[in-house]
Amino acid sequence: MDHPERGGVTVLEPADPAAVPAPRAEPEPTSRWARALSGVGYRAPRRPGAAEQLVPPMPDGPGVTPARVAPSPVLVRLGVRLPDPLWSWLCRWAGWLGPLAVALFAGVLRFTNLGTPHALIFDETYYAKDAYALWHLGYESNWPDDANALITAPNAVVPPIDQAQAAFVVHPPVGKWIIGLGEQLFGMSPYGWRFMVAVVGTLSVLMLARIARRMFRSTLLGCVAGLLLAVDGLHFVLSRTAILDLLVMFWFLAAFGLLLVDRDRTRARIAERIDRGLAADWWHLGWRPYRLAAGVCLGLMTGTKWSGAPAILALVLLAAFWDSSARRLADVRRSPGGLPLPARQAWDFCWSGLSLGLTAAVTYLASWSGWIASSAEPGKGGYLRDWAAQHPGGSWSWMPDWARSLWHYHHEIWHFNVNLTSPHTYQSNPWSWLLLGRPVSFFYESPKNGQSGCTTTECAREVLALGTPLLWWAGIVALAYCLYRWALRRDWRAGAILCALAAGYLPWFNYQARTIFLFYAVCFVPFLVLAVTMMIGAMLGRADASPDRRLAGATGAGLLVVAVMWNFLYFYPIYTGQTIPMDDWRARMWLDTWI
């Protein structure tokens with residue numbers, strides 16, 4: 001008798017013939033081709049039932065992991081033996097303990113010397129001050145010309161802000177409210193205006209680890225995904241800089257994760273109905289709070305920066321396709337007395353658009369509440385808040401003044417954003433982003449001997465918004481693998497990754513004449529990491545693969561992860577603005593376009 005639980009060793013044991021179960025009856029081949037293959041000994045793999053396909057089992061957790069777990073053979077070989085209750089508890093909660101450990105690692109990286117450089121780097125000069133004004137006035141205002149010098153001086157002084165000097169800003173307020181929260185906690189200082197961005201960057205690592213675990217049904221792969229995001233250079237730099245793009249990424253990833261939870265919960269309800277012999281009528285499946293929460297996140301994403309708006313359409317379509325595929329899998333066509341499948345699919349798209357799109361729109365409008373609540377008197381409120389009072393509405397007079405003023409303000413923002421073509425040293429074309437063709441230097445100094453810790457003739461200090469090269473270049477291969485899995489194997493995970501990545505990447509190709517930068521790509525970095533993680537899962541091989549195959553796969557996957565971590569550590573000095581010899585800085589400029 002073969003005992004797989006004993007390592008696959010054949011053990012001969014006497015057995016009562018009456019106690020030996022009869023051989024499992026193989027299903028009869030249903031097609032001529034299948035019958036021909038069965039004649040030469042081929043047996044199709046077992047196809048799981050509809051309920052198991054709808055909701056694959058999770059790897060561990062309460063209700064999944066048994067109360068007592070056998071000791072790990074690896075730890076036993078190493079001579080480590082934990083008490084059985086402790087080991088069982090660790091296994092049961094590994095799905096949280098592993099991602100939390102990875103997030104703690106990411107947090108330590110991001111908060112170490114967070115206040116360095118002590119300066120307003122790159123676009124912090126706008127967002128740090130706008131955030132401060134929002135918390136004190138409810139809208140952005142202009143600042144004195146010497147405000148940067150006063151704020152970053154050794155004896156920092158925050159100059160007074162003029163209520164009558166409302167500023168024209170081209171991005172919605174959500175991200176600046178978040179940045180301003182850190183300033184309220186820790187003052188108007190580099191640590192203060194970067195604090196909340198570092199918190200959000202750390203939380204996004206935790207979220208991605210949990211999302212990957214749910215997608216791939218593997219705690220190990222979930223932790224790998226979180227670790228790779230923790231050591232991506234672009235994500236790391238933007239987690240330590242008070243600009244908006246990392247916040248756009250955070251809300252996008254949160255919405256994606258909430259839809260993923262909604263997908264599992266809804267499919268579990270369908271599976272339950274199948275087990276009870278009921279029809280899988282969609283509108284009888286109850287309240288779907290996770291989908292509505294995803295809509296709120298999409299509204300907050302667009303309320304941070306308009307570049308997140310295409311993700312709303314992408315996730316609406318993705319959620320609708322997930323619902324439609326669940327119907328097909330549950331074989332709704334055979335539901336007696338129900339509507340035909342095309343009608344139900346149309347309902348899926350309508351409900352997805354309403355629940356996500358409408359919720360996002362309401363949330364976005366609410367994000368402007370500070371500007372709306374400001375005074376409509378000339379010189380006493382937000383920028384253009386008094387526009388409607390000075391321009392009678394005519395046929396639009398039925399609209400509230402604040403709505404007409406806000407609409408005009410949005411028209412001005414749109415005109416600015418689509419016509420921004422002023423050349424910039426670090427602008428880049430989206431065709432080059434995956435190759436990391438032109439990163440952005442957020443901060444640069446060339447200290448001489450004796451300055452800023454320089455011990456050679458000439459040194460360099462730089463904060464370079466550059467993705468970890470080996471991770472991004474491996475990501476190009478991983479995207480090709482995901483395209484294969486989606487196009488030829490209909491793998492929903494690959495399709496979801498490609499859909500989300502396309503939503504964050506492809507819209508930029510419509511604005512190639514506009515001034516755009518590589519760091520905008522941080523919005524889709526988590527999905528690039530998911531693609532690499534999916535490729536690593538394929539390298540590891542199936543759980544029932546031979547030991548040699550698993551060993552070879554684990555070796556290759558482990559080498560890739562170690563190489564990415566080494567690559568991050570190698571570039572760490574130019575991610576954090578450390579003072580290094582000029583020769584060391586030049587050695588890290590792998591491409592001429594990085595200079």
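Me: Is glutamate 140 buried or exposed?

Reply: Glutamate 140 counts as buried, at 6% relative accessibility. Keep in mind that this is a predicted model.

Me: What does lysine 176 form with glutamate 140?

Reply: The two form a salt bridge, and their closest N and O atoms are 2.9 Å apart. Lysine 176 is buried as well, with a relative accessible area of 1%.

Me: Where do the two partners sit?

Reply: Lysine 176 is in helix H8, residues 174-186. Glutamate 140 is in the loop between H6 and helix H7 (147-152). They are 36 residues apart, and the pair links distant parts of the chain.

Me: How many salt bridges does the structure hold?

Reply: There are 21 of them. Side chains of opposite charge can pair when their charged atoms come close.

Me: Which residues are linked in a network of salt bridges?

Reply: Arg214, Arg217, Arg263 and Asp264. Within that group, aspartate 264 meets arginine 214 at 2.8 Å, N to O. Aspartate 264 also meets arginine 263, at 3.9 Å, N to O.

Me: What does the aspartate 264 and arginine 214 pair tie together?

Reply: Aspartate 264 lies in helix H12 and arginine 214 in helix H9 (residues 190-216), so the bridge ties together parts that are 50 residues apart in sequence.

Me: And which of these are buried, which partly exposed?

Reply: Aspartate 264 is buried, with a relative accessible area of 7%. Arginine 263 counts as buried too, at 7% relative accessibility.

Me: Switching to the overall fold. How many helices and strands are there?

Reply: The protein has 23 helices and five strands. Of its 595 residues, 49% are buried. Take the contacts between residues at least 6 apart in sequence: 73% of them join residues at least 24 apart.

Me: Which residues touch the most other members of the largest nonpolar core?

Reply: Phe256, Phe442, Trp472, Phe519, Leu530 and Ile536, out of 137 residues in that core. Helix H12, residues 245-275, supplies the largest share, 14 residues. As background, nonpolar side chains tend to be buried together in soluble globular proteins.

Me: What is tryptophan 472 in contact with?

Reply: Leaving aside neighbours within four places in sequence, its contacts include the aromatic residues Trp433 and Phe524. Leu234, Leu434, Leu436, Val525 and Leu528 are also among them, along with Gly467 and Ala521. Asp232 is in contact with tryptophan 472 too.

Me: Which residues are in the second core?

Reply: That core is separate and has 10 residues, including Val169, Val170, Tyr364 and Tyr409.

Me: Tyr364, then. What does threonine 302 touch?

Reply: Tyr364 is one of its contacts, with Pro172, Gly308, Ala309 and Ile312 also on the list; neighbours within four places in sequence are left aside. Threonine 302 lies in helix H13, residues 289-302, and counts as buried at 10% relative accessibility.

Me: How many of the lining residues are nonpolar, polar and charged?

Reply: The lining has 21 nonpolar, 10 polar and six charged residues.

Me: One more. Where is leucine 560, and what does it touch?

Reply: Leucine 560 is in helix H22, residues 547-576. Not counting residues up to four places away in sequence, leucine 560 touches Ala474, Val532, Met535 and Ile536.

Me: Is leucine 560 buried or exposed?

Reply: Leucine 560 counts as buried, at 19% relative accessibility. The limit is under 20%, so leucine 560 falls within it.

Me: And how far apart are leucine 560 and leucine 470?

Reply: They are 90 residues apart in sequence and 8.6 Å apart in space, C-alpha to C-alpha.

How values were computed
Residues numbered from 1 in each chain as written. Predicted model: local features only at pLDDT ≥ 70, side-chain atom pairs only at ≥ 80, totals over all residues. Heavy atoms only, no water. Nonpolar A, V, L, I, M, F, W, Y, C, P; charged D, E, K, R; others polar. Core = buried A, V, L, I, M, F, W, Y, C linked by side-chain atoms within 4.5 Å. Buried < 20%, exposed > 50% of the residue type's maximum accessible area, 1.4 Å probe, protein only. Helix = DSSP H or I, 4+ residues; strand = E, 2+ residues; numbered from the N terminus. Contact = heavy atoms within 4.5 Å. Salt bridge = Lys/Arg side-chain N within 4 Å of Asp/Glu carboxyl O.
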